[in-house]
Structure formats: C-alpha cells, structure tokens
Amino acid sequence: MKRREFISKVGAGSLALGAVATAGCQQKPADCGPTDAAKSAAAPASSRPIEWKMVTTWPKNFPGLGTGANFLAKTIEDMSGGRIRVKVYGAGEMAPAFEIFDVVSKGAAELGHGSAYYWKGKNPALQFFSTVPFGLTADEMNAWLYHGGGMELWREAYKPFGLAPMAAGNTGVQMAGWFNKEINSLDDLKGLKMRIPGLGGEVLKRAGGTPVNLPGGELFTAMQSGALDATEWVNPYNDLAFGLFKAAKYYYYPGWHEPGTTLECFVNQKAFDALPSDLQSIVLNAARVANQDMLAEYIARNNDALVKLVDEHKVDVRKLPDDVIENLRTLSDEVVAEVAAGSEQAKKIYESYRAFREKVMRWEEISEKAYLMARG
Ligand code: CA
C-alpha cells in the first residue's frame, strides 16, 4: 500500500497513535522515532498548505450568499487544520460574476460559488440543479440531491467541464420580487422588463415579458434608473441589504419561480483529484455543512428583515393574485417540459426530478403542508 493511501485510510486515528508512540519513547529516544504514519500525519502541519482560490458570483461579503461562500472557505480551512487555505474573491475581483464557471473549468481557480442556472448557456439542463418554478422546496431539493439520485446526475452534467459540483447553500422560498407596477392579471406581465434568471425568466417571456439576467450588484441602479420595471433577488434579508425598497413600489410574494434555490460550489476536478482522500472528504462534507447553515441563516434573518421592511420602511407587501399564480404554473409546466425535451441528458434529469417531486408531494401533503395549516 502506498504511504499516501495508507495515511488517508488511517486518518485521524494515526495522529492519536502517533502521539502516544512519541510520548512513550521519551524515556529512550534512541530506540524509537515516530512511526512512518505519525511522521506523515504530522508533516502537513509544518509543510506548506494547499492554497486555493474561490471565485464567486456574489459581491464580496454579501449577506447570506457572499458570507455563505466565506463560511464554506473557513470550514474547509478549519476542518483540514489549515492544510487547505481558501481565498475568496467577490464578483469582479478576479473574474466577472458570470465567468467563474470558465475560470474554474480552466483551473485558474480551484473553487467557484454560484448557482447552476447561471450556466444555462452552457447547457439548459443545468438549471434543474438550481431551482425549478413550482418545483422542489429547500428540504425536498436536498432530499433529491443527497438521497434521490440528483447528486449523481449533477456530477455527470458538470463532468464535461472538468468540474465537480456540490450543494453549498439554499435560500429557501424566495420572494416574487420588486415591482413598480401592480400585478392584477397575467396581462400586467406583458412588456414587463424584469430581472429574473433561469427557468423563471423563460416563464416570464412566455407571459409576454422581457427577462433580463443581471448580477445582484447591478439591480438597485437598474431599478432606480428605470432600465428595469421589476426585479427579483432573493428574500427580505438579501433584498433589504441591496436597498431595493428605495427603488420599487411593491414587494410581491410568493417566489413561485424559486421555491428553494440551491447554491453551489464547484471544484476543479483535477485539483480535487490531487487531494488525499481525507481532504477530499473534508471538502465534500464542509459543503454539506455550508449547505445547511445558509438555509438556517436565511430563515433566522428573514424574520427581522421583513419586520424592518414593513414597519420601518413601509414596504407594500402583496400576494400575487391566485389566477396569476395558476397561469404561471401552466406556463412553467410548458417551459420545463420544453427544456426537458432539449437533450437526452435533460430528459434524464427531468424524469428523475419530476418523479421525485411527485412522490415527495404526497408525503408533504400530510406532513409539512398539513402541519403548517394546522399551526395556523
Ligand atoms: Ca432569485
């Protein structure tokens, strides 16, 4: 067995054994040195750490998303005992937001933090790994990815780009967005110029609107100048941070287009393969921790942010009319089916997603949904 393979298999246990062996030799130092495993296990602490770069689609330190990327970077560093160090770059620092996929694919950075629907130009099927209008919630999405075959399909889809994806956060249900005109019927969406990415944008187009994909950092100016009539971003916590309430009249819910958006961290496959297996496990499991932590943070922070928006900034929060929602659901089904028909791969991913959604809805009907109704 090669030494590296042995160490990674022995893992943390060898550190403990090594420490005992060394302590036991203090009486007769000439008789015994540290075991090979102990030497090697101790080596990373004194050897040069692996320096990685993480490029992101978010403004540096942006609440929830940018800080979620920071959290993941720090978790990788902490869990690896400093053997991997990750420097996080905000959008535009090393590469523009929507170029990070290529940057990591080429190996100029090892990690990228974004969301899969930003890469629909590469392959429309990738949007299923971000969010789907009227699709899975955050909990359901994680269930599909981790225990429903979703992760395997996602890895397969990123493989041609030399990338390995990981779920690294979730926003939960988003808001429908900020509008400068009332939405009373589907006709009110006609001619609407709105920032709305992914499949939701395609649905808006189908409703007669003009979807625009802009990075978050440009939304406030675009709304204030009138270049956009409407924009969605994330949820109260994030939308408050961008000050969008100062540039729009109405704040609509629910986020039919993004019911539980998965944020991703993709790693350059070659860089990942070069890691010993214990560090590979650390990277993968740090992402799992970050995935859960972001959702918890959003749920915790949205509460205070909503109170602030409504009570302090007097935001007009409105529910989209039921018939608008119903029409959007019909259009969404059409759009999603068309994307699914686009390629064999899209069909395979869609079938897995659709079958999972159907099954999970039966359970949710008598669990989460029933409970929320019961709670009142
Ligand atoms: Ca959004």
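Okay, let's start with Arg-318, which has a relative accessibility of 23% and so counts as partly exposed. Its salt-bridge partner is Asp-316, with the closest N and O atoms 3.1 Å apart. Asp-316 is partly exposed too, at a relative accessible area of 29%. Before I go on: what you have on screen is a predicted model.

If you want a pair to click on, take Trp-178, whose bridge partner in strand 9 is Tyr-251.

The other sheet I want to show has five strands, again open and mixed, in the order 2-1-3-10-4. Here the edges are strand 2 (84-89) and strand 4 (163-170), each with one partner strand, so each has a side without a neighbour in the sheet. From one strand to the next, the twist averages 25°. Strand 1 (residues 50-56) runs parallel to strand 3, with three bridges between them, and Val-55 sits opposite Gly-112 there. As for helices, helix 4 (residues 66-79) lies across strands 1, 2, 3, 4 and 10, at about 165° to strand 2. Helix 6 packs on this sheet as well, touching strand 4 and strand 10, and its direction makes about 155° with that of strand 4.

On to the inside. Which residues touch the most other members of the largest nonpolar core? Out of 87 residues, they are Leu-65, Phe-129, Trp-144, Tyr-158, Trp-178, Trp-233 and Trp-256. Helix 13 (residues 322-340) gives this core its largest share, eight residues. There's also a second, separate core of 24 residues, with Leu-72, Met-166, Cys-265 and Phe-272 among its members.

Gln-174 is in the loop between strand 4 and strand 5, while Glu-232 is in the loop between strand 8 (230-231) and helix 10 (236-241), so the pair ties together parts 58 residues apart in sequence. Both Gln-174 and Glu-232 are buried. Trp-233 also contacts Gln-174, and its other contacts include Trp-58, Phe-62 and Leu-65.

Glu-258 takes us to Thr-131, which touches it along with other residues including His-257, Pro-259 and Tyr-117. Buried or exposed, this Thr-131? Buried, with a relative accessible area of 3%, against the 20% cut-off.

Last, back to charges. The whole structure has 17 salt bridges. In one of them Asp-102 meets Lys-122 at 2.6 Å, N to O. Asp-102 is in helix 5 (residues 100-106) and Lys-122 in the loop between strand 3 and helix 6, so this pair ties together parts 20 residues apart. Another joins Glu-338 and Arg-206 at 2.9 Å; Glu-338 is in helix 13 and Arg-206 in helix 8 (residues 198-206), so that link spans 132 residues of sequence. Glu-338 is partly exposed at 47%, and so is Arg-206 at 34%.

Methods:
Residues numbered from 1 in each chain as written. Predicted model: local features only at pLDDT ≥ 70, side-chain atom pairs only at ≥ 80, totals over all residues. Heavy atoms only, no water. Buried < 20%, exposed > 50% of the residue type's maximum accessible area, 1.4 Å probe, protein only. Contact = heavy atoms within 4.5 Å. Pairing = 2+ DSSP bridges. Helix = DSSP H or I, 4+ residues; strand = E, 2+ residues; numbered from the N terminus. Axes fitted to C-alpha atoms, helices over the stretch in contact; angles between N-to-C directions. Core = buried A, V, L, I, M, F, W, Y, C linked by side-chain atoms within 4.5 Å. Salt bridge = Lys/Arg side-chain N within 4 Å of Asp/Glu carboxyl O. Lists of a residue's contacts leave out its neighbours within four places in sequence.
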